Amino acid sequence: MDLLQCSQKLRGKRKRRRSMSLNNLRDGLLLEILLHLPLQSVFQCKCVSNRWCSLISTPYFTRRYVSHLHTNLQPFTLLFECKDDQSITRVLATNSEEPEVKSLAAYVHRQSEHLWLEASCNDLLLWRAKDDGEPSSMTVYYVMNPITRQCIALPPITLPYHRSWIQAGLICSYDYNKKQLSYSVVLIPYFHDKLREFKVFIFSSNTREWSESMVLCPEGFELTHFAFCAVPYKSLLFWCSNSGRLLGIDPYNTRCCRSFEQPIGWELDKETDCFGVCRGCLRICQISMFYTRFSSILRIWELKDYDNEGGGKWYLEHEVSVNQLVSKKSPWLTEHVQQKYPLPLVLAFHPNDGDILYLAIELKVLLCNLRSKTVEVFCDIPHDPDTWNEKCNIINFVLPSWPTPIPFAPLQNGA
């Protein structure tokens with residue numbers, strides 16, 4: 001073989017090596033590779049080519065990806081929003097070192113420069129446009145998925161009160177017959193007295209319009225200005241008053257609401273410290289202001305036996321004396337937690353572990369294990385929680401197995 005033939009043969013081998021790229025892989029093999037990518041990277045891969053986009057968009061890939069992720073617990077992050085002494089809004093995401101969670105934190109932080117974070121449902125966030133310094137009666141809300149970067153501006157709405165005096169909630173529902181996902185936004189103007197009937201504003205993605213409706217609550221409900229974020233649960237949006245009473249509103253039928261009284265052992269003169277969902281159940285938390293052996297008592301109740309026929313009962317899940325909490329790694333932390341004042345600030349429940357609670361003290365977020373009665377530093381917080389005002393939102397954002405698409409409702413005739 002002469003030198004020319006050797007050179008041609010070598011160039012042929014190099015050409016074949018170059019052609020062995022991902023584009024040459026069979027669909028089945030390419031799918032197995034994509035299944036091991038983080039969720040956000042999967043959606044970025046849809047932009048590589050039409051073939052990749054089509055493969056990722058199939059229901060088969062979605063089922064396989066979700067099934068693959070269910071072998072491990074999904075990461076989550078706490079989203080903080082508050083105003084510091086300079087009235088600068090900050091949104092901080094914590095809890096995970098995964099690249100997609102860090103990317104989520106950066107994206108949400110950028111949005112917070114112009115928007116208020118109001119509520120969440122699954123992986124969808126509800127934002128409200130900030131005041132631009134000029135008086136205006138119009139308010140604009142946005143529904144956003146920070147994973148897919150999908151965002152929809154809702155039609156402007158004129159509200160009877162200042163924007164900061166409106167309690168907002170977001171809920172999604174899925175019609176299995178039509179195989180269609182929809183969402184609703186519910187706004188409750190602030191009221192102080194205990195009312196049996198009050199007005200709400202509701203946006204439906206099906207009609208793309210705002211509407212007014214009256215909520216009927218025979219037992220009466222008092223919505224305080226310091227209310228927690230609305231919690232979507234079992235097709236209803238639940239609000240919790242400072243007195244520990246729950247009210248669930250059906251955005252499709254506001255005359256059908258659910259209410260739950262305070263659990264047995266609840267101290268009526270002490271406000272609610274935390275309200276949320278853990279392991280698929282509603283939970284509320286209260287730290288007692290009365291002292292037993294010079295210590296406050298932390299209690300957590302869980303709503304069980306819930307059904308659509310009116311069932312549901314509070315069960316005491318945890319009752320722990322605060323001075324029993326110790327840190328095995330930081331002796332100073334034990335001293336701060338066990339002192340009478342200030343009491344730890346309860347931030348959130350762990351979405352999957354019923355024994356874990358997140359607290360805040362001394363510029364730190366603490367991970368509290370109620371079963372072992374231990375506390376350890378979890379992460380830093382942006383600034384002193386004592387400076388947080390009533391417009392502080394803390395949202396437990398669980399990274400989904402598959403992102404929730406924001407439906408674009410079809411335009412009505414003539415629209």
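Predicted model: local features only at pLDDT ≥ 70, side-chain atom pairs only at ≥ 80, totals over all residues.
The largest nonpolar core comprises 26 residues, among which Leu34, Phe61, Leu125, Trp127 and Phe397 touch the most other members. At least two residues of this core are supplied by each of the helices H2 (27–34), H3 (39–45), H4 (50–56), H5 (59–69) and H6 (99–111), and likewise by each of the strands E3 (115–121), E4 (124–129) and E25 (393–398). Helix H3 provides the largest share, with 4 residues. Because domain 1 (23–68) and domain 2 (76–261 + 391–415) both give residues to this core, the core lies between them. In soluble globular proteins, nonpolar side chains tend to be buried together.

Leaving aside residues up to four places away in sequence, Trp127 touches Val108, Gln111, Ser112, Leu115, Trp116, Leu117, Glu118, Val140, Tyr141, Tyr142 and Met144. One of these contacts, Tyr141, belongs to a second, separate core of 21 residues, which also includes Val143, Val185 and Ile406.

Strand E10 (residues 180–189) is mostly covered, with 9 of its 10 residues buried. On one side of the pairing scheme, strand E9 (residues 166–175) runs antiparallel to E10 and is joined to E10 by 10 bridges; within this pairing, Ser173 has Ser182 of E10 as its bridge partner. The two strands form a hairpin with 4 residues between them, and Lys179 in the turn adopts a positive phi of about 50 degrees. Strand E10 also pairs in the antiparallel sense with strand E11 (residues 195–204), over 4 bridges. A hairpin through 5 residues joins E10 to E11. In this second pairing, Val185 stands opposite Phe203 of E11. Val185 is also one of the members of the second core, while Phe203 forms one aromatic cluster with Tyr141, Tyr183 and Trp210.

Across the whole structure, a search finds 10 aromatic pairs. Tyr233 and Phe238 form an edge-to-face pair, with a centre-to-centre distance of 6.2 Å and 65 degrees between the planes; both Tyr233 and Phe238 are buried. The rings of Tyr358 and Phe378 have their centres 5.0 Å apart and their planes at 55 degrees, so this pair is tilted. Tyr358 is buried, with a relative accessible area of 1%, whereas Phe378 counts as partly exposed at 23% relative accessibility.

The buried residues of H7 (residues 331–338) are Leu333, Thr334 and Val337. Seen down the helix axis, these buried residues fall within an arc of 100 degrees, and they therefore line one face of H7. An α-helix has 3.6 residues a turn, so residues three or four places apart point the same way. The elements that cover the buried residues of H7 include strand E22 (356–361), strand E23 (364–369) and strand E24 (374–380). The face of H7 turned away from its buried side carries the exposed residues Pro331 and Glu335.

Key
Residues numbered from 1 in each chain as written. Heavy atoms only, no water. Core = buried A, V, L, I, M, F, W, Y, C linked by side-chain atoms within 4.5 Å. Buried < 20%, exposed > 50% of the residue type's maximum accessible area, 1.4 Å probe, protein only. Domains from an automatic or database assignment. Contact = heavy atoms within 4.5 Å. Arc of directions from axis to C-beta. Pairing = 2+ DSSP bridges. Phe/Tyr/Trp six-rings, centres within 6.5 Å; stacked < 30°, edge-to-face > 60°.
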